[in-house]
Structures are given as structure tokens and as C-alpha cells.
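Hi,

Here is the structure I promised to pass on. Have a look at it first, and then read on for what turned up.

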Amino acid sequence: MRQGRRTGAKDSLDSAMDREARASSQFINTMADTQNEPAAMAVEAGISGLKVLYHGGKFTLPVTLSVQTSTGLHRGVHMSRLVHAAASRETSDIVGWLRAICRQVNKTQPGASVTCSFELPYADQFIPVSVATRQAGTIHYAFTAKGMTACPCSKKMVGVGHMQRAEITMVIDGRKALDMLKVVEKMGECFSAVPTEKMKRVEEAKKILEAQDHARFAEDLVRECVKRFPNATQIRGRCFESIHAHDAIATWSRKSRWVPDFIA
């Protein structure tokens, strides 16, 4: 025979669990503020890898944020405030948004800086970009543009330059927001040719001829980029060799006798 529900026992158990939960909540110290405990030395601290959606008027862009500030002479920073600041400011300009994040953090934890990384849609390509700034002052940009090169050495010897994909990474500083699409367009002029995803056979042939007419070494990529961007601070050209197992690279920095610290 099937036994009936022991309603009374269940209700008693539920009541006991409720009393235990209420008793536990009495031990939560809502006034605790460990971050504000004193410390002998200030360090920079914050959050990294925060993925959010940036809403820029007519478009929405997934971005990854890092937000840091100074601990001052306190033990830590209130990281939840950094997350809140990142979610509470949206403008039609990325730099304005990043500076608004810093301004929000600085109200309670002065010394904020923020870095934003994303892929910028350009034509049928996606260009890795990062922007770093504070509430005011210099804005640091890093772009990695994709292209292709034809080798001028083999072209001179046999009439055809072997071809490979290439990239230019550039760090550039400014006091005002840059037109990022124009920057990418100018960077594209430095290559032998730029990639296109959808092409017919005749279009592919024209692309090859275009590259052959502008054969360039990795060194030439860097020189062309320096010529077009007088505000650049670091530039690296990289050709992903088609007839070697290694790559060809060239670098330039505004700091003399110093090699830029780029990601390999």
C-alpha cells in the first residue's frame, strides 16, 4: 500500500531550514570593508578580461575591458565598482566612453586607467584594435592591419615576386580621438595589396598584378607606415613567408636603440 505524504513532518523540516537560514544571515557583516584596511604601499589593481557590449549609436561592438586604479594606502580596490562603471557609461565615441569609465571610478578610487580591445569591422576584414587612456591626457592606440606582400628580390631575379600574407602592428598616441577607419585605410596603403574575401578569377588575377606592381619587403612596410603616421611611436612589419618556414620582421621605434616589445 502506498503511504500518504507526511505533511506535518515536511512542514517542520521546512521551518527548521528557514530558521537556520535566518540565523546564518545574522552572521553576515555588511559593514565589513577589507579593501579599506591600511597598507604600507600603493599598487595598481583592477579587473581584466571583462567582456561587454559597447553601444555606439548605430552599431554594437563586443569589447574586452581592463580597468585598473591605485590602491592608495589601502589593502585593495573595490572591483565591483569597476565592473559597475564599465556597465554604466555608453556614448557614441569609444574614447569618450572609456574616459567616462575612468571618471566614474575616480570618484571613489582615484588613478583609474582603462584599456579596451576589439575587432574593428573594415570592408570585409576585422582589424584588431586596442585603446588605452585615462580620464584625460594621451590616448594610446594599437592597430594590427592585414595585407600581403610580393618579394622585390625574386621579382627582380625571375620577374615574379613570391607572395605571402603580411601584417603591420602600429602603436600611435594622440590627444584626441582618431578616426580609426581612416587609420586602417592608410595602413592598407603600406602593403603590396590588401586582402579581399569574395573575388572572381579575373579579380584574383588583378589582385596578384597589383601586388607585383608594389613589391615590398617587411622593411618597406615599416618605412611606408612611418611616412604616413608621424605620430606613431612603435611599428612592426611581419611577412608570413611562403617559401620559408620562418617569418620576416622589421621594427621601428621613436626611442633610439630600442626594440619594441610586441607580442610574438
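A residue counts as buried when its relative accessible area is under 20%. By that cut-off, 36% of the protein's 264 residues are buried. Keep in mind that this is a predicted model.

Now the overall picture. The chain has seven helices and eight strands. If you take the contacts with a separation of 6 or more, 61% of them involve residues 24 or more positions apart. The accessible surface is about 16700 Å², and carbon and sulfur atoms make up 55% of that.

Next, have a look at helix α5, which spans residues 180-188. Its buried residues are Met180, Val183, Val184, Met187 and Gly188. They sit on the same side of α5, because the arc they cover around the axis is only 140 degrees. And what covers them? Among the elements doing so are helix α3 and the strands β3, β4 (125-133), β5 (139-150) and β6 (163-174).

Then there's the second largest pocket, with about 190 Å³ of space. It has 15 lining residues, and those nearest its centre are Tyr54, Phe59, Ile94, Leu120 and Met180. So which elements supply at least two residues each to this lining? They are β2 (59-70), α3 (94-106) and β3 (113-122), with β3 giving the largest share, three residues.

Cheers

Technical notes: Residues are numbered from 1 along each chain as its sequence is written. This is a predicted model: local features need pLDDT of at least 70, side-chain atom pairs count only at pLDDT 80 or more; totals for chains, interfaces and linings use all residues. Side-chain values use heavy atoms; hydrogens and water are left out. On a 1 Å grid over the protein atoms alone, a cavity is a set of points where a 1.4 Å probe fits but cannot get out, and a pocket is an open set with protein on both sides within 12 Å along at least five of seven lines; lining residues have an atom within 4 Å of a point. Grid points are joined across faces, edges and corners, and a volume is the space filled by probe spheres set on the points. Helices (H or I, at least four residues) and strands (E, at least two) are DSSP runs, numbered from the N terminus. Buried means under 20% relative accessible area, exposed over 50%, partly exposed in between (1.4 Å probe, protein chains only). Contact means heavy atoms within 4.5 Å. Accessible areas come from the Shrake-Rupley method with a 1.4 Å probe; for residues, only the protein chains shown count as cover. The arc is that of the directions from the helix axis to the C-beta atoms.
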